[in-house]
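Please take a walk through this structure.

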Amino acid sequence: MTSPEQVLFWVLGPLSVLSALGMVLARKAVHSALFLAFDMLCLAAFYAAEQAPFLAFVQVVVYTGAVMMLFLFVLMLVGVDASDSLIETLRGHRFAALSAGLGFAIVLCSALGGALGDQAVVGLETPQANGSDNVYGVAKLIFTRYLFAFEVTGALLITAALAAMVLAHRERTTPKVTQREMALARFRGNRPSPLPGPGVFARHNAVDTPALLPDGSPAPGSVPTSIAEDMRRDHPPLPASVMVEEGEL
Amino acid sequence: MSPTAYLYLAAILFSIGSVGVLVRRNAIVVFMCVELMLNSVNLTLVTFSRINGTLDGQIYAFFVMVVAAAEVVVGLAILMTVYRTRRSASVDDANLLKY
Amino acid sequence: MVTTSPLLWLLVGLPLLGSAILLLAGRRADAWGHWLGTGAAAASFVLGVAQVMSLASKPADSRTFIDNVYNLVSVGSLHVDVAFRLDQLSAVFVLLITGVGSLIHVYSIGYMAHDPGRRRFFGYLNLFVAAMLVLVLADNYVLLYVGWEGVGLASYLLIGYWYHKPTAATAAKKAFIMNRVGDVGLALAIFLMFQQFGKVDFTGVFSAVGVPGASNVAHGVVTALGLLLLLGACGKSAQLPLQAWLADAMEGPTPVSALIHAATMVTAGVYLVARSNPIFNLSEGARMVVAIVGAATLLYGAIIGTAYDDIKKVLASSTMSQIGYMMLGVGLGPVGYAFGIIHLLAHGFFKAGLFLGAGSVMHAMNDDVDMRRYGALRKVMPWTFGTFALGYLALIGVPPFSGFFTKDKIIEAAFVKGGTSGVIFGVIALFGVVLTAFYMTRLMLMTFFGEKRWADGVHPHEAPTVMVWPKVVLAFGSVAGGFLLIHVIHVQTWLEPVLGTPAEGKPVLSTIVLTVIGLLAIAGGAGAAYMLFGRRAIPVTAPAAGVLVGATRQQLYADSFNEGVFMRPGQYLTRALVYADNRGIDGGVNGIAAFFGGTSGRLRRLQTGFVRSYALSVFAGAVVITAALLLVRVA
């Protein structure tokens, strides 16, 4: 007999393991995040199957919704493109970590096997004595027995939010530059005109593609300096003859 | 089906998460692996709740989620600060406190 | 009967103040420093005379002044006072020290006239006088020890006065170190007194040891005390086996040699033995050792005195030999104490005079001390020659000069003591007379008679007046001192309350016979010297010597003995200890430190700074703990 729950478990279980492995093995952090999000959705399904509908929804809303979005925001701030090198720098570390992980899995599984065996399962199918369903029961527990913990958790969340603000806040050390000062600085410099927009006369309009000058050579000022540095590092510079110096423009 | 299968699954996920914490260098990915470990623990809590027929396990899982959310908020903020000063999110680059 | 005299401390205080002013005032005192120093010594002398006069005006049994200045130590049963005691014994020493000391101060004004550090010299001299007075005036052994060390310090400073000369610096260190060896003996004696009697003051210790026949102190303790005191006396008085420093001490300026290393400090050992006479009275053995040491040194000093060409070293070995006589005297017991002291007084005068004469000669000869380059000085330096000759006659014991009376009494006392040992001591003393006459005649002949053997550019001249008249005064002492001390002032009677009354005894040979033998001995020694040195020319460089003369020139290998037996093994021991310290102890300690340092250095490498490594170890720990829990559960 295969119950729907069994089908669900044997389909989503291997998938969740695979996506967990994918998260660990993916080179790009964005891919890891996507794998993790999928894993969390799988877990949400398991919660639903285990008579925890409230947790299932909270899992989707809080984890896949809020936490993972936060991860993605940070990833974008840090640089979506940044990919890990897969070469391990600590000698023997990867092997040791793998053996420890494997050993832990084996120890845990054997412990579970020894401890649980044929554990009688009470189950939560029968409605709780104190409520009609599990969501009702959870709510009742949270607001009665765990009320204090709940309030403290609320305080913790507020503290964490404040902490995040404090940590992310950057003190301004120089006075804010006004538009007038910026204009003056531009005219004092050697380029009063606006910088060329990216992609002008170019085949792409990506940020890192330099604009082409009328003679067909790339305009270095058309890309942000940091990206230009990356470009120069990644691609050897063009011959000097075709480069147009910024000052000549 | 016996809910113990979920426990084995949770054990495997936990181990994978811990190996990920150990081998990945990108701090954000390390954080994700920690989240996976927390999630697997939540799965065991939910499963035990079901085995025992009481809802307390689910309450614990709920609190774990809330605390994990707080942890992610602070942790990522710290990470941002570190990245801002060191231009790197690799945990190996923050190795000044040593012999 | 004891009288309190509140002025006694001034005797010490005046020269001490002079010394402090001279040494602390710096160059400001250069112009008048020597006058202040001389004045302080002279004032002390005047005060000393006044005190002694007032002491003498008392009846014989109450001639003791005490001045308890303050309580130095009062701990449990130990009470040490800074207390001065002027009794018959200290009185004669006070007069000797301040009297001869003042004369030598006066002499030094002339002698050190051209020395840029004259003020410092007078500061040291005053310091010495103060310390020596503390030594003889002390009312307890601890204060005596203070003075004892004080004179040692002053002696060190004055021997090394010309510290820029390596020989002087070395000689100062040699004297200081050899004196320390003796001082250990004195210190141990004081410890033993405190341990045995709980007292260190003279009255307390002497009443605790009791008198012969009524003593309740173990014989061994008294003998040990006597031997330890003797060790101290040997160091200070340059007696065998601690004699080697005295000849080198002649590196100091000649007034120093006269005052410290002839007249006063070196006789402190004799004073110590005489002062401690109740202890020595109780121990025949200790007294015998004192007499043996004295007799041996008497011979040793006289023998090495025959070979020196250095005029001051001849006089130094003569001093050693004469102190040997004194030690022999005090070692003979009650029959000899007083005569040892009287010889000490007489010797203080004529030997100081001889040294001052030698200083004048050196002064005239551009500080040359080699007698082989002297000769024929009697015409050039008549005053020096005259006073020196009187001192010479006194020293070798020609009647009626002072040495005749005093030395004769010691020889007589040796024969009075009787027994085999007494006769042996007497014969040794008589043989010493022969040798004394020999080396002193040699000195006279080489210095004042014969041909001129002066080095080029030396123009001898008579010393200035300020250097002459102290010698004249001392020469008067050489002429009349002995007779006055023994037959006019009766010092032996004066000293009886302190040193005890000798039992009446007759010498083995009659006094007249002894005197005749003594005179024959003098004539023999002087005649031999005349035959050897007066009738033929003296080579300017010392001729090659045979075994005996060679050994004598090497001071019978005393320095070689010290070097071979003490210095070299000491150096080897030190080196071995240094090696053991560096390699063994330091090596062990450093090894442990290096072991832990190295281990921690390697362990430190575990702190890689990589948070993943730390996480791995935490995780591995979790695995191990879980596995352990599982195993426990299963088992």
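L328(C) sits in helix α14 (residues 311-331) of chain C. Helices here are DSSP runs of H or I with at least four residues, strands are E runs with at least two, and both are numbered from the N terminus. This is a predicted model, in which local features need pLDDT of at least 70, side-chain atom pairs count only at pLDDT 80 or more, and totals for chains, interfaces and linings use all residues. Residues are numbered from 1 along each chain as its sequence is written, while chains are lettered from A and ligands numbered from 1 in the order in which they are written.

Is L328(C) buried or exposed? L328(C) counts as buried, because it has 31 C-beta neighbours inside 10 Å. The cut-offs are these: buried takes 20 or more other C-beta atoms within 10 Å of the residue's own, exposed takes 12 or fewer, and partly exposed lies in between, with C-beta atoms placed from the backbone.

Which residues does L328(C) touch, leaving aside neighbours within four places in sequence? A291(C), G294(C), A295(C) and L298(C) are among them, as are I410(C), A414(C), F425(C) and A429(C). A contact means C-beta atoms, placed from the backbone, within 7 Å. G340(C) is 12 residues from L328(C) in sequence, and their C-alpha atoms are 7.6 Å apart.

L328(C) also belongs to the largest nonpolar core, which has 206 residues. Such a core is a set of buried Ala, Val, Leu, Ile, Met, Phe, Trp, Tyr and Cys residues joined through C-beta atoms within 7 Å. F128(C), L133(C), L137(C), L328(C) and A352(C) touch the most other members. Helix α15 (residues 334-364) of chain C gives the largest share, 18 residues.

Now look at a helix pair in chain C. Helix α8 (residues 219-237) and helix α11 (residues 268-275) of chain C pack at about 160 degrees, with their axes 7 Å apart. Axes are lines fitted to C-alpha atoms, for helices over the stretch in contact, and angles run from 0 to 180 degrees between N-to-C directions. α8(C) and α11(C) are therefore roughly antiparallel. That label needs an angle over 145 degrees; under 35 is roughly parallel, 65 to 115 roughly perpendicular, and the rest oblique. On the α8(C) side, the contact includes L229(C), L230(C) and A233(C). On the α11(C) side, it includes V270(C), L272(C) and V273(C). By class, the contact has 8 nonpolar, 3 polar and 1 charged residues. Ala, Val, Leu, Ile, Met, Phe, Trp, Tyr, Cys and Pro count as nonpolar, Asp, Glu, Lys and Arg as charged, and the others, Gly among them, as polar.

Next come the strands. In chain C, β2 (residues 65-75) and β3 pair in the antiparallel sense over 9 bridges. Pairing requires at least two DSSP bridges. V75(C) has L78(C) of β3(C) as its bridge partner. The hairpin has 2 residues between the strands, and G76(C) there takes a positive phi near 55 degrees. Strand β3 (residues 78-86) of chain C is mostly covered, with 7 of its 9 residues buried.

Some loops of chain C hold backbone features worth a look. The L240(C) to P241(C) peptide bond is cis, with omega near 5 degrees. P241(C) is in the loop between α8 and α9 (245-248) of chain C. N366(C) is not a glycine, yet has a positive phi of about 55 degrees. N366(C) lies in the loop between α15 and α16 of chain C, and is exposed, with 12 other C-beta atoms within 10 Å.

Finally, turn to the other chains. Chain A has 8 helices and 2 strands, and 23% of its 249 residues count as buried. Chain B has 3 helices and 0 strands, and 61% of its 99 residues count as buried. Where chains A and B meet, 69 residues of chain A and 61 residues of chain B take part. α3(A) gives the most to the chain A side, with 12 residues. That side divides into 50 nonpolar, 14 polar and 5 charged residues.

Note on methods. Contact = placed C-beta atoms within 7 Å.
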